[in-house]
Amino acid sequence: MRKLFLFSTIVFSLAIFNNVGLFAQSFNKGSLLISISEGSSHGSLNTHDATIANDGGNHGNVGGDRDPISIEYGLSKHWGIGINSGADIYKINPFNFYASTTADIKMQTLNTIREPIMKVITTELTADAYYHYFVTKHTDLSLFTSIGPASISVKGTYLDQPYQYTASGAIVRAGAKAKYYITKRFGFMAMLSTFRAGYLSKNVKDNSMGKNTSTSLYGNALEFGLCYRILR
């Protein structure tokens, strides 16, 4: 939320110094677009321990907050490429998904009444391709697909015992984005996407739990935010 407020302050200030009376097409070849958003992400979290024979895995639905920023450059009047950097924060009981290698932690968790709810942070850095299928002076509607490296991290201390699970992998995302410009360069945006990510923890030396556990996460996200066009 702080990023969104800071971004809105900057772009609104810049918009004041632009000619708000003259509008070109909201997307063109050579356009450079920046957007930042806040939203919610919902999905299915699944883990599998490769060291346990016939392991059926652990499954659960998760919901969290999403906080990305994206940059796009127009290659033509319809096509654009860009990059996106984002993070999602979920809250789960990590011991329901990851087998602990520390027997004391696991035993204490099973015997306690208080359920440990901890933050799970996923990050991604993707290369994006956009197709702008409807563009007017104020409105820009596009479809996009993204792919890139991703990571997941669960760290904390429970009953005086530290624990950690980190893993890396890749994510694929696809969706639709809508922008509406209230001035020549400044506007609002909304985005709906679906995603699928996979993470492997093999050879991560500092993990105290889930050392051979793979994680998959798939679901959808809904975001709202601000956008600013720098060029064209």
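Which residue lies over the face of Tyr181? In this predicted model, Arg229 takes that position, at 5.3 Å from the ring centre. A further contact between a charge and a ring involves Arg196, whose charged end sits over the ring of Tyr218. Here the distance to the ring centre is 4.5 Å.

Contacts between aromatic rings were also examined. A pair of aromatic rings is described by the distance of the centres and the angle of the planes. Four aromatic pairs are found when the whole structure is searched. One of them is formed by Trp79 and Tyr131, with 4.9 Å from centre to centre and 55 degrees between the planes. This pair is tilted. Trp79 belongs to strand 4 (residues 79–92) and Tyr131 to strand 5 (residues 118–135), so the contact ties together parts that are 52 residues apart in sequence. Trp79 is partly exposed, at 47% relative accessibility. Tyr131 is likewise partly exposed, its relative accessible area being 31%.

Tyr130 and Phe144 form another pair, with ring centres 5.8 Å apart. The planes of Tyr130 and Phe144 stand at 40 degrees, so this pair is tilted. Tyr130 lies in strand 5 and Phe144 in strand 6 (residues 139–158), so parts that are 14 residues apart in sequence are tied together by the pair. Both Tyr130 and Phe144 are buried.

Strand 5 thus contributes Tyr131 to the pair with Trp79 of strand 4, and Tyr130 to the pair with Phe144 of strand 6. Tyr131 is partly exposed, whereas Tyr130 is buried.

Notes:
Residues are numbered from 1 along each chain as its sequence is written. This is a predicted model: local features need pLDDT of at least 70, side-chain atom pairs count only at pLDDT 80 or more; totals for chains, interfaces and linings use all residues. Side-chain values use heavy atoms; hydrogens and water are left out. Rings of Phe, Tyr and Trp (its six-membered ring) pair if their centres lie within 6.5 Å; planes under 30 degrees apart count as stacked, over 60 as edge-to-face and the rest as tilted. Helices (H or I, at least four residues) and strands (E, at least two) are DSSP runs, numbered from the N terminus. Buried means under 20% relative accessible area, exposed over 50%, partly exposed in between (1.4 Å probe, protein chains only). A charge sits over a ring if NZ of Lys or CZ of Arg is within 6 Å of the ring centre and within 35 degrees of the ring normal.
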